[in-house]
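Dear colleague,

Please open it first, and then read my notes below beside it.

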Amino acid sequence: MVHPSLEPYVNAVRAEPVSHPSLQSADERRAAYRDLALSNRGETESVESVRDVELPLEGRTLRARLYVPFNDESKALVIYFHGGGFVVGDLDTHDALCRRISSDTRMRFLSVDYRLAPEHPFPAGINDAVDTIRYVRANLGDFDDAEAELIVMGDSAGATLLTVACALTRDEQLGIAAQVVIYPTLGPDLFTDSVHEYGNDHVLDIDHLRYDYGLYLDGWTDHSDPRVTPLMFEDLTGAPPAIVVVAECDPLRDEAVAYAGLLEHFGVRVELLEAEGMIHGFLRLPTMVPEALVIVDDLAEHMHRYVEAAK
């Protein structure tokens with residue numbers, strides 16, 4: 001059952017559903033997504049400093065944004081990959097969320113503006129995630145204390161990218177203290193019970209997500225490729241320990257739970273946090289769901305425990 005605080009929002013979306021993404025250009029959708037994100041973010045958390053930086057990766061340069069919280073403990077740097085169905089989202093749409101979690105954890109955040117489809121289809125976003133993690137690890141002193149731990153975090157499509165990046169680099173000794181996976185989408189074949197129950201009229205429309213997967217994959221038909229469907233990885237031994245955050249009323253809930261189970265099967269430490277009554281994207285709705293801040297507090301405590309365990 002949807003949390004009472006969210007019912008007005010969910011009912012409003014049901015009354016005026018978003019038009020099918022095929023009816024707008026990618027740029028039009030990005031502008032609309034940005035406007036909605038900024039209107040829903042509420043009062044932003046104050047941090048000590050925010051600065052935009054560039055990540056010079058091979059053959060391209062990515063924009064990123066570094067958040068330094070008040071009372072920065074310099075224990076860990078969090079690399080953040082935003083959500084948006086591989087097509088929309090940017091540094092501004094997730095600015096408030098990064099500020100809030102950075103402040104709560106007292107950790108620096110580096111939010112990454114990875115390349116989006118359809119201009120840059122699969123596997124561009126994955127390559128950006130992998131190369132970003134490698135670059136930041138090699139140049140950690142440019143962003144935080146050189147002895148700080150590294151955490152990789154993302155939501156929705158961004159969470160998908162980080163799960164793949166963590167799997168592909170698990171033998172590289174990158175020293176990732178935790179992967180924080182927030183309501184991820186883990187493949188285009190969306191047939192779970194939670195999809196059946198919440199795939200319509202609960203804000204995230206599964207038909208829209210399927211359309212975005214089409215843009216992202218751009219004709220790539222092998223859905224068994226674990227880079228497309230991370231649940232297909234045959235071995236995740238040695239992957240970074242994980243915190244998996246799921247929302248009860250999210251169509252993607254079941255696959256996130258399955259990912260947690262897959263990691264456990266290969267001996268990876270996992271903590272699964274389920275937010276009762278919440279919908280996909282709830283962490284970006286603090287003005288509507290004050291309870292989301294409690295969940296952020298809980299997440300921050302888990303992240304600190306993982307950092308201490310890594311040390």
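**Overall fold**

The chain holds 9 helices and 8 strands, where helices (H or I, at least four residues) and strands (E, at least two) are DSSP runs numbered from the N terminus. Its radius of gyration, taken over C-alpha atoms, is 18 Å, close to the 19 Å that the globule rule gives for 311 residues, so the chain is as compact as a globular protein of that length; the rule itself is 2.2 Å times the number of residues to the power 0.38. Please keep in mind that this is a predicted model, in which local features need pLDDT of at least 70 and side-chain atom pairs count only at pLDDT 80 or more, while totals for chains, interfaces and linings use all residues. Residues are numbered from 1 along each chain as its sequence is written, and side-chain values use heavy atoms, with hydrogens and water left out.

Along the principal axes, the C-alpha atoms fill a box of roughly 50 × 45 × 35 Å. Of the 311 residues, 56% are buried, which is to say under 20% relative accessible area, with exposed meaning over 50% and partly exposed in between (1.4 Å probe, protein chains only). Among contacts (heavy atoms within 4.5 Å) with a separation of 6 or more, 80% join residues 24 or more positions apart.

**The cores**

A nonpolar core here is a set of buried Ala, Val, Leu, Ile, Met, Phe, Trp, Tyr and Cys residues joined through side-chain atoms within 4.5 Å. The largest has 67 residues, and Leu110, Tyr216, Leu236 and Val244 touch the most other members. Helix 5 (residues 157-168) gives this core its largest share, 8 residues. A second, separate core has 39 residues, including Leu97, Tyr183, Met278 and Val289. Setting aside neighbours within four places in sequence, Leu110 is in contact with several residues, among them Val53, Leu66, Ile79 and Phe143.

Glycine 42 lies in the loop between helix 2 (26-40) and strand 1 (49-57), and is partly exposed, with a relative accessible area of 30%. Between glycine 42 and aspartate 254 there are 30 Å in space, C-alpha to C-alpha, and 212 residues in sequence. Glutamate 264, in helix 8 (residues 253-265), is also partly exposed, at 49% relative accessible area.

With best wishes
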